[in-house]
Amino acid sequence: MAASALFILDLKGKPLISRNYKGDVGLGEIEHFMGLLLQREEEGALAPLLPHGHVHFLWIKHANLYLVATTKKNGNASLVYSFLYKVVEVFCEYFKELEEESIRDNFVIVYELLDELMDFGFPQTTDSKILQEYITQEGNKLETGRSRVPTTVTNAVSWRSEGIRYKKNEVFIDVIESVNLLVSASGCVLLSEVMGTIKLKVFLSGMPELRLGLNDRVLFELTGRGKNKSVELEDVKFHQCVRLSRFDTDRTISFIPPDGDFELMSYRLSTQVKPLIWVESVIEKFSHSRVEILVKAKGQFKKQSVANGVEIAVPVPSDADSPKFKTSVGSAKYVPERNLVLWTIKSFPGGKEHLMRAHFGLPSVEKEEEEGRPPVAVRFEIPYFTVSGIQVLPVGGIWGWGGYGAGREHGPGG
Amino acid sequence: MSGNGLSYSEQGGEAAPELGQEAATTTTPSIPAAFGLFCSDIKKNEDLKQMLESSKDSAKLDAMKRIVGMVAKGKNASELFPAVVKNVASKNIEIKKLVYVYLMRYAEEQQDLALLSISTFQRALKDPNQLIRASALRVLSSIRVPIIVPIMMLAIKEASSDLSPYVRKNAAHAIQKLYSLDPEQKEMLIEVIEKLLKDRSTLVAGSVVMAFEEVCPERIDLIHKNYRKLCNLLVDVEEWGQVVIIHMLTRYARTQFVSPWKVSFEKNFYESDEEQKEKDQKVKDTYTMDPDHRLLLQNTKPLLQSRNAAVVMAVSQLYWHLAPKSEAGIVSKSLVRLLRSNREVQYIVLQNIATMSIQRKGMFEPYLKSFYVRSTDPTMIKTLKLEILTNLANEANISTLLREFQTYVKSQDKQFAAATIQAIGRCATNITEVTDTCLNGLVCLLSNKDEIVVAESVVVIKKLLQTQPAHHGEIIKHMAKLLDNITVPVARASILWLIGEYCERVPKIAPDVLRKTAKSFTNEDDLVKLQILNLGAKLYLTNSKQTKLLTQYVLNLGKYDQSYDIRDRTRFIRQLIVPNEKSGALSKYAKKIFLAQKPAPLLESPFKDRDHFQLGTLSHTLNTQATGYLELSDWPEVAPDPSVRNVEIAESVPDSFGGFTCLLSSFFLICSDSEDTEKKKKGISKKITTSNSSDTESASSEESSSDSKSESDSKSDSEPGKSRYVILSVLGLQHSPTLVLYLTGHYPSLCWKRISSSLSLLQTARHFW
């Protein structure tokens with residue numbers, strides 16, 4: 001169905017590790033992959049799916065690795081890609097970062113994981129929390145000689161194991177929102193949307209049943225509460241643990257949470273959002289000699305609020321040299337490996353306007369191809385403020401939520 | 001040492017084909033290093049063997065870890081096979097796991113030795129620990145040794161009636177493996193699949209449907225009885241299983257239900273109005289959606305909120321293929337959301353949206369802006385988005401779209417800019433109101449600095465002019481001027497063709513163009529040469545006075561050209577237009593042949609013909625049929641008997657307990673000893689309990705032991721005696737709502753304490769009594 005074999009290749013296309021699940025596609029087939037990839041790249045017809053004879057390569061790239069699934073039969077393409085990204089996620093949880101080195105250092109675990117993630121081409125347990133229970137990093141637990149078998153795999157609630165105990169029962173909630181804006185060259189906002197995630201950090205004993213309330217407009221209308229400050233959630237996706245059928249009928253978000261950190265839900269709103277920090281840039285390029293950049297940033301939020309850790313990344317040509325900066329506030333730094341200038345401002349109060357000038361030298365020999373103009377990115381954090389105005393309302397859980405301390409809330413990130 | 005040396009060469013020989021490319025690329029740079037590596041391997045192997053034979057588990061484990069490391073790196077560790085196999089019976093679960101991993105890799109190569117381990121597996125299959133049973137079955141079925149097929153068959157049969165759902169799940173996986181090893185077992189395997197399909201555990205559902213799809217997708221009759229159960233279980237199945245089940249159910253539904261799409265009926269001329277009305281009435285009456293069809297749509301809808309892109313995609317395709325046209329719209333929102341995920345997922349989703357948007361524009365129109373291209377998108381995503389934007393264009397939004405396109409044309413990505421120009425061309429042909437605006441815009445682009453943009457514009461203008469025979473003169477003149485500067489062959493050829501085609505409208509310019517191109521003939525691209533010949537021929541026919549000599553000259557040049565294609569064409573044209581004694585009757589019609597009215601090219605979407613593939617499949621992405629593609633059948637004219645899906649109520653009682661409890665609104669009734677009300681209830685509940693326990697004693701006991709899905713179990717376990725819980729499920733079955741009571745133990749009376757929500761349902765329940 002999904003994949004016959006899974007390969008992890010380094011940048012040159014050499015297999016670092018491979019796992020053949022079905023055996024109907026030879027392991028040698030992978031040799032064609034890199035050639036095909038390069039050929040397609042040259043033709044400019046690069047696609048995430050490369051056919052070679054009867055074999056199809058479905059690949060993704062992560063850091064300096066290629067993850068390739070091969071298949072011979074008609075599979076479900078979206079399932080394969082979702083799975084590959086899941087694999088990356090699981091490995092990242094295990095090794096902090098997934099790269100060539102971490103694979104080389106952990107062959108045994110990677111191989112075991114690959115074995116556990118998929119059986120005969122069909123994805124299995126892919127929840128890293130559960131996997132971590134029985135594929136342990138060091139295997140120290142074995143010394144005790146007790147052959148503990150995790151019950152979680154066989155549970156219906158596959159994301160939480162039984163018998164968790166905490167002295168202090170706590171839940172922390174983070175609401176993190178980011179704003180996506182598409183602005184035309186003339187400066188008018190074409191598309192604006194807020195993408196938010198609600199993250200939970202749960203330290204609760206037993207099998208708690210929780211409910212989360214939001215100032216969701218549909219819910220408020222259902223229950224007949226006032227329309228004050230409600231938010232219309234455009235579309236929502238939930239962690240596996242949320243009872244989707246419940247949400248569908250009466251908009252309650254009820255769930256048995258996994259232990260520790262997890263992302264409960266993410267939502268999207270496409271309301272008209274006024275950009276919080278408006279950045280205008282003038283980039284003048286005198287070919288063969290220099291580039292002059294003028295960036296103007298304006299805080300368009302309430303005067304009482306302060307944006308922390310503002311980072312404005314302005315892209316510059318890759319062959320620029322000898323940077324010179326002048327800023328009205330904060331500091332600017334040239335980051336040559338990412339080809340940009342990073343202007344950081346520790347605190348940026350609302351309604352203020354700041355300027356930065358940068359000057360770069362350019363080599364007299366010009367590159368042949370013209371570079372694209374990547375966008376200027378802004379990243380910031382405003383505590384206790386959400387763009388969408390979403391609020392987490394305390395709602396009693398079946399298991400007595402009232403006893404737990406309420407958490408903290410975070411503002412948006414760029 | 002000599003022994004070592006010998007085995008080195010052996011191993012080197014074995015390793016070479018094994019490693020394949022790796023050996024070719026890595027060992028070449030430094031042979032001494034490679035030698036050292038292998039030498040150390042040999043030494044390692046020796047001490048690995050010793051470690052494996054030691055009595056300490058920690059040493060064994062260490063050795064196994066190193067061996068598996070070698071396997072993972074692609075090194076040959078097969079000579080350790082005998083030493084490793086011995087450890088298969090190890091008590092330590094960690095060692096066991098690694099031995100299993102090793103066995104799966106090498107058993108095929110060393111079949112005889114692998115047989116040594118079989119008895120251990122057989123023993124492990126009877127282990128009290130479900131995880132050990134499951135993994136033994138898994139490894140046993142992964143060993144691709146034909147001799148053990150009967151043993152595997154036996155093991156699968158046994159495991160399929162195991163008490164643990166996890167073992168049953170693994171049995172379902174083993175079915176596929178056995179089938180790929182020996183397809184002759186198909187009949188027996190189908191029996192097992194049939195049995196497992198009846199299983200009520202959510203763990204098993206996904207895997208067994210997977211096996212069904214793999215082994216016997218044509219046996220759709222096996223699904224009938226399980227259809228409703230699968231629909232109801234769906235929300236609780238793990239996400240990967242959901243995808244598989246949804247795809248299977250899509251196929252199933254297409255064979256079992258009538259199409260919900262018949263909206264307009266053809267009017268029959270010869271029928272009187274009354275008859276027509278009657279007929280309308282009849283059609284309306286007959287078209288009510290099968291309740292089972294509705295059930296499927298209902299139960300998949302909440303899954304649109306899943307975090308797994310594959311699930312969302314699967315539900316979307318289900319709605320696309322099965323839902324009435326008015327309802328399919330709900331998926332678009334979720335699909336648009338997927339555009340925020342990784343780019344490969346985006347790629348697949350956009351392709352599917354592109355296919356959908358051709359047929360039903362309305363679905364995605366409100367989300368037009370979501371498909372605006374971002375400068376950071378990779379080219380493949382950009383072109384797909386552009387494709388969708390073009391599909392969505394209509395009279396209302398075309399002006400905003402064109403403005404957006406104008407920005408795209410300025411893009412640094414030249415390939416993308418060219419695609420945009422094509423898109424403008426398509427908009428212009430599809431929406432007649434803006435054809436002029438588009439044409440003017442494109443003409444403006446002709447003075448663009450960038451050559452590729454100009455060339456692409458020329459090509460598109462050529463196509464547009466063919467569809468718009470009205471105003472040619474000016475534009476053709478303009479393009480004739482451009483000819484001096486454009487070097488891209490396709491564009492030059494297009495201009496020449498245009499001038500030739502409409503040479504009568506530009507009588508002064510055309511001969512001059514021929515003169516210029518005749519001069520540069522030898523340096524032109526083949527494509528352009530052919531068009532020069534073409535132009536010459538057309539001019540010769542319409543204006544032979546001025547161009548006779550020129551054409552002769554060009555034809556002479558063509559006669560001695562290097563390309564045979566051009567020589568052929570020259571010969572052909574000469575025979576056709578210059579009559580001599582040999583040329584046949586055809587030359588009389590030369591003018592008609594050359595200057596015939598040509599049909600305008602159709603500017604169509606490349607996604608036009610993709611909709612016959614099931615969305616979301618690999619075949620759809622490739623636009624060719626991949627092996628194993630299962631065709632979606634057309635809707636049947638008359639729905640097959642729906643009663644085949646009916647399940648006996650008696651059967652559905654334990655059934656509903658297994659899976660339905662968390663799906664359907666369930667209530668907890670707390671029974672306390674104090675109050676003494678509602679005796680009736682007791683009566684009903686007792687009756688059902690008896691039927692329940694007598695029916696499948698083993699099933700329910702197993703459910704409560706291993707399947708902690710039903711919260712009631714865990715709760716009643718945790719507080720035994722204090723208060724007993726009754727789960728009351730209101731089953732929303734189609735025809736007769738059934739109430740099921742499940743009792744844990746006996747109790748004197750019941751009192752209502754509402755814990756869960758849904759007041760209205762509660763009232764329904766009260767009413768029922």
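Is Phe120 of chain A buried or exposed? Phe120(A) is buried, at a relative accessible area of 5%. Buried here means under 20% relative accessible area, exposed means over 50%, and partly exposed is in between, with a 1.4 Å probe and protein chains only.

Before I go on, the ground rules. This is a predicted model, in which local features need pLDDT of at least 70 and side-chain atom pairs count only at pLDDT 80 or more, while totals for chains, interfaces and linings use all residues. Residues are numbered from 1 along each chain as its sequence is written, chains are lettered from A and ligands numbered from 1 in the order in which they are written, and side-chain values use heavy atoms, with hydrogens and water left out.

Back to Phe120(A). The residue sits in the loop between β6 (118-119) and β7 (122-123) of chain A. Helices (H or I, at least four residues) and strands (E, at least two) are DSSP runs, numbered from the N terminus. Phe120(A) is not a glycine, yet its phi is positive, near 50°. Asn339(A), also not a glycine, has a positive phi of about 55°. Asn339(A) is in the loop between β18 (331-335) and β19 (340-349) of chain A, and with 25% relative accessibility it counts as partly exposed.

Staying in chain A, His354(A) belongs to strand β20 (residues 353-361) and is buried, at 11%. Leaving out residues up to four places away in sequence, His354(A) touches several residues, among them Val295(A), Trp343(A) and Phe348(A). Contact means heavy atoms within 4.5 Å.

For the chain as a whole, the assignment gives domain 1 (5-132), domain 2 (170-273) and domain 3 (277-365 + 374-381). These bounds come from an automatic or database domain assignment. The centres of domain 1 and domain 3 of chain A, taken over C-alpha atoms, are 39 Å apart.

Now helix packing. Two packed helices are described by the angle between their axes and the distance between the axes. Axes are lines fitted to C-alpha atoms, for helices over the stretch in contact, and angles run from 0 to 180 degrees between N-to-C directions.

In chain A, helix α2 (residues 77-95) and helix α4 (residues 107-117) cross at roughly 140°, and their axes come within 12 Å. The two are therefore oblique to each other. Angles under 35 degrees count as roughly parallel, over 145 as roughly antiparallel, 65 to 115 as roughly perpendicular, and the rest as oblique. By class, the contact of α2(A) with α4(A) has 11 nonpolar, no polar and no charged residues. Ala, Val, Leu, Ile, Met, Phe, Trp, Tyr, Cys and Pro count as nonpolar, Asp, Glu, Lys and Arg as charged, and the others, Gly among them, as polar.

In chain B, α22 (residues 414-430) and α23 (residues 435-445) pack at about 155°, axes 8 Å apart, and are therefore roughly antiparallel. Ile421(B), Ile424(B) and Ala428(B) of α22(B) meet Thr435(B), Cys438(B), Leu442(B) and Leu445(B) of α23(B). That contact has 6 nonpolar, 1 polar and no charged residues.

Chain B has 37 helices and 3 strands, and 54% of its 769 residues are buried.

Last, Pro302(B). Pro302(B) lies in the loop between α16 (291-300) and α17 (309-322) of chain B and is buried, at 4% relative accessibility. Setting aside neighbours within four places in sequence, Pro302(B) contacts Leu244(A), Ser245(A) and Asp248(A).
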